[in-house]
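I opened a new notebook page for this protein. My plan was to look things up one at a time and write each down.

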Amino acid sequence: MTQNQSYLVRLSDLDRDDQLNLSDQGVYNPRGNTAYGYNGEKIGTVKDALVNPETGRIRYLIVDVGGWFSSKEVAVPVGEAR
């Protein structure tokens, strides 16, 4: 991988690293928050995030959508989230 190419990792994977303390580094952890659609209706729960491992900057939220039997995870670009 060249220097200009970046890759993303799950925030939960960085959080498990004993060498890192994400809260001390000012990394926001959105896990567990409720996700709402454009109409204000609840669509699911934020289960994780995809982040730049060097900066901790969130690029996508991983949202668990659907019901109990039809649950699936979707990636929502952070620019589309509030």
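My entries follow, from the overall layout to single residues.

**Entry 1: ground rules**

I am reading a predicted model, in which local features need pLDDT of at least 70 and side-chain atom pairs count only at pLDDT 80 or more, while totals for chains, interfaces and linings use all residues. Residues are numbered from 1 along each chain as its sequence is written, and side-chain values use heavy atoms, with hydrogens and water left out.

**Entry 2: layout**

I looked up the secondary structure. The protein has one helix and five strands. (Helices are DSSP runs of H or I with at least four residues, strands are runs of E with at least two, and both are numbered from the N terminus.) Along the sequence I read the pattern β-α-β-β-β-β.

Next I checked burial. Of the 82 residues, 24% count as buried. (Buried means under 20% relative accessible area, exposed means over 50%, and partly exposed lies in between, with a 1.4 Å probe and protein chains only.)

Then I checked contacts. Among those between residues at least 6 apart in sequence, 27% join residues at least 24 apart. (A contact means heavy atoms within 4.5 Å.)

**Entry 3: strand pairs**

S3 (residues 42-51) pairs with S4 (residues 58-65) in the antiparallel sense, over seven bridges. (Two strands pair if DSSP finds at least two bridges between them.) In this pair, Val51 stands opposite Ile58. The hairpin of S3 and S4 has six residues between the strands, and Gly56 there takes a positive phi near 80°.

S4 also runs antiparallel to S5 (residues 72-77), joined by six bridges. Ile62 stands opposite Ala75 in S5, and Tyr60 stands opposite Pro77 in S5. The hairpin of S4 and S5 has six residues between the strands too, and Gly66 takes a positive phi near 95°.

I also noted a rule for strands. In a regular strand the side chains alternate between the two faces of the sheet.

**Entry 4: the core**

Which residues make up the largest nonpolar core? I found eleven: Val9, Leu11, Leu14, Ala35, Val46, Ala49, Val51, Ile58, Leu61, Val63 and Val65. (A nonpolar core is a set of buried Ala, Val, Leu, Ile, Met, Phe, Trp, Tyr and Cys residues joined through side-chain atoms within 4.5 Å.) H1, S3 and S4 each supply at least two residues of this core. S4 gives the largest share, four residues. In soluble globular proteins, nonpolar side chains tend to be buried together.

I picked out Val51 from this core. Leaving aside neighbours within four places in sequence, Val51 is in contact with Tyr7, Leu8, Val9, Leu11, Leu14, Gly56, Arg57, Ile58 and Arg59.

Is Ser12 buried or exposed? Ser12 counts as buried because its relative accessibility is 13%. Ser12 is found in helix H1 (residues 11-16). Leaving aside neighbours within four places in sequence, Ser12 is in contact with Arg31 and Asp48.

Asp48 is in strand S3. Asp48 is buried, with a relative accessible area of 2%. A polar contact of 2.5 Å joins the side chains of Asp48 and Ser12. (A polar contact is a pair of N or O atoms within 3.5 Å; within protein, one must be able to donate a hydrogen and the other to accept it, and residues adjacent in sequence count only if both atoms are side-chain atoms.) The side chain of Asp48 also reaches the backbone nitrogen of Leu11, at 3.4 Å. Not counting residues up to four places away in sequence, Asp48 touches Arg10, Leu11, Ser12, Arg31, Leu61 and Ile62.

**Entry 5: the largest pocket**

How many residues line the largest pocket? The count is 20, and Tyr36, Val76, Glu80, Ala81 and Arg82 lie nearest its centre. (On a 1 Å grid over the protein atoms alone, a pocket is an open set of points where a 1.4 Å probe fits, with protein on both sides within 12 Å along at least five of seven lines; lining residues have an atom within 4 Å of a point.) The volume of the largest pocket is about 540 Å³. (Grid points are joined across faces, edges and corners, and a volume is the space filled by probe spheres set on the points.) S4 supplies the largest share of the lining, four residues.

I ended on Tyr36, which is found in strand S2. Tyr36 counts as exposed, at 54% relative accessibility. The C-alpha atoms of Tyr36 and Arg82 are separated by 9.0 Å, and these residues are 46 apart along the chain.
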